[in-house]
2 protein chains.
Amino acid sequence: MSIISIIGSGTMATAIAGRVAKAGHTVEVVGRDPAKARALADQLGAGATTGTYGAAPAGDIVILAVPYSGAAAAVADFGKALDGKVIVDIANPVAPDLSGLVTPHGSSGAQETAKGLPAGAHVVKAFNTIFGHVLAKGGRLDAFIAADDAEAKARVSTFLESLGLRPLDVGGLHMAQTLEALGLMMIGLAKNGAGTWDFAMNVDIG
Amino acid sequence: MSIISIIGSGTMATAIAGRVAKAGHTVEVVGRDPAKARALADQLGAGATTGTYGAAPAGDIVILAVPYSGAAAAVADFGKALDGKVIVDIANPVAPDLSGLVTPHGSSGAQETAKGLPAGAHVVKAFNTIFGHVLAKGGRLDAFIAADDAEAKARVSTFLESLGLRPLDVGGLHMAQTLEALGLMMIGLAKNGAGTWDFAMNVDIG
């Protein structure tokens, strides 16, 4: 079991942190608002701690669980403190009215966020295709990931498996564009054909 | 049961036509190469016919089963002959090396193809997230669709159900962008995490 650091204390941070704690990892919650971070750590129990916002996180895997609109600022606030870390980008960079993606042509939120990170940090896209409340319910879900660095991807795969998820590699970090489109598609499906937000995208092999 | 027209006679046209014929519809195959269209109609049996390339198809639902690179030309070849039809766009507009999408920013293959159609034709995106060989195997698969025209979408939904598929509406035709990204993601998954092309994307609700 490892120390897993989570930057953020919102809905998605809470859902992921709960599953991480339940799997036996030690969660470090790092938030701009120390009171909110403390509240989440207390809620998690299981030895969860809080870290100092902007300082080097305790975990080697750092889950960036802030909205896309705040991701660049958060990464800038940490700067060199994230060097050497595996950064898990979970954001769905959707417009406020959920009608489309706000990313530049030929890029993804993950690739944009990566631009602000120190050279020794490696970004892995994950978790953006699982709704937080579905993740919190438990169960073996498919977890699509994309990353350029093979070692970082392997470490996140092992971590996802430890949570009871099935990691499925879709390719390099540029493929985060497809995962973010899938996130938007799931929002469209919830509002249209599925008629519910209570669903998961899974792969039936063979 | 209805007459369903299919423009094209390649791999995907064959897979869809087989399933359509098996469901009891009459397939009209329309191809630029009459011999290939004839061969596919003969292979299908079940009263399958061939139509004249460029003339008005017999079916009210017309499946445009040509590669994206040839879609605009095919639509131009038919011109006004497609007026009033429901056009099912199945293309995955991927680059020849499968590394990305070739569509302009903020658009999809379906939206680009729609620009060449008469005003009375309605485009529905469908079938692009199901591999042809998986479709041909049979079984109840999830079929994501996107379209602007409610009546055309309803007719294609009913048609998909008649094939034993589960239609799932993701929204307006602009959401074809997400379906085409999902098509690319599935290619990435086949080449990476799944290690096989023998899979389907399904939605687990509830």
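These legends walk through close-up views of a predicted model.

**View 1. The open sheet of chain A.** Let us start with the strands. In chain A, 8 strands form an open sheet with mixed pairing, and their order is E3-E2-E1-E4-E5-E6-E7-E8. Strand E3 (49-50) and strand E8 (166-171) of chain A stand at the edges with a single partner strand each, so one side of each has no neighbour in the sheet.

**View 2. Strands E1 and E2 of chain A side by side.** Here we look at one pair from that sheet. Strand E1 (residues 3-7) and strand E2 (residues 26-30) of chain A are joined in the parallel sense over 5 bridges. To find your place, look for Ile6(A), which stands opposite Val29(A) in E2(A).

**View 3. Strand E7 of chain A, covered on both faces.** Strand E7 (residues 142-147) of chain A is mostly covered, with 6 of its 6 residues buried. In a regular strand, side chains alternate between the two faces of the sheet. In E7(A), Asp142(A), Phe144(A) and Ala146(A) point one way, while Ala143(A), Ile145(A) and Ala147(A) point the other way, and all are buried.

**View 4. The partners of strand E7 in chain A.** Strand E6 (residues 122-125) of chain A runs antiparallel to E7(A), and 2 bridges join them. Val124(A) has Ala147(A) in E7(A) as its bridge partner. With E8(A), by contrast, E7(A) pairs in the parallel sense over 5 bridges. In that pairing, Asp142(A) stands opposite Arg166(A) in E8(A).

**View 5. Helix H6 of chain A and its two sides.** Helix H6 (residues 150-162) of chain A has 13 residues and reaches 18 Å from its first C-alpha to its last, close to the 18 Å expected at 1.5 Å a residue. Buried in H6(A) are Ala152(A), Lys153(A), Val156(A), Ser157(A), Phe159(A) and Leu160(A). These residues lie on the same side of H6(A) because they cover an arc of only 165 degrees around the axis. On the face turned away from that buried side, you will find the exposed residues Ala150(A), Glu151(A) and Thr158(A). After H6(A) comes Gly164(A), with a positive phi near 85 degrees.

**View 6. A cavity lined by residues of chain B.** The structure holds 1 cavity of 30 Å³ or more. The largest cavity has a volume of about 30 Å³. Among the residues that line it are Thr129(B), Phe131(B), Asp142(B), Met186(B) and Asn202(B). Strand E9 (residues 199-205) of chain B gives the largest share of this lining, 4 residues. By type, the lining of the largest cavity divides into 7 nonpolar, 2 polar and 1 charged residues.

How values were computed: Residues are numbered from 1 along each chain as its sequence is written. Chains are lettered from A and ligands numbered from 1 in the order in which they are written. This is a predicted model: local features need pLDDT of at least 70, side-chain atom pairs count only at pLDDT 80 or more; totals for chains, interfaces and linings use all residues. Side-chain values use heavy atoms; hydrogens and water are left out. The expected span of a helix is 1.5 Å times one less than its number of residues. Buried means under 20% relative accessible area, exposed over 50%, partly exposed in between (1.4 Å probe, protein chains only). The arc is that of the directions from the helix axis to the C-beta atoms. On a 1 Å grid over the protein atoms alone, a cavity is a set of points where a 1.4 Å probe fits but cannot get out, and a pocket is an open set with protein on both sides within 12 Å along at least five of seven lines; lining residues have an atom within 4 Å of a point. Grid points are joined across faces, edges and corners, and a volume is the space filled by probe spheres set on the points. Ala, Val, Leu, Ile, Met, Phe, Trp, Tyr, Cys and Pro count as nonpolar, Asp, Glu, Lys and Arg as charged, and the others, Gly among them, as polar. Two strands pair if DSSP finds at least two bridges between them.
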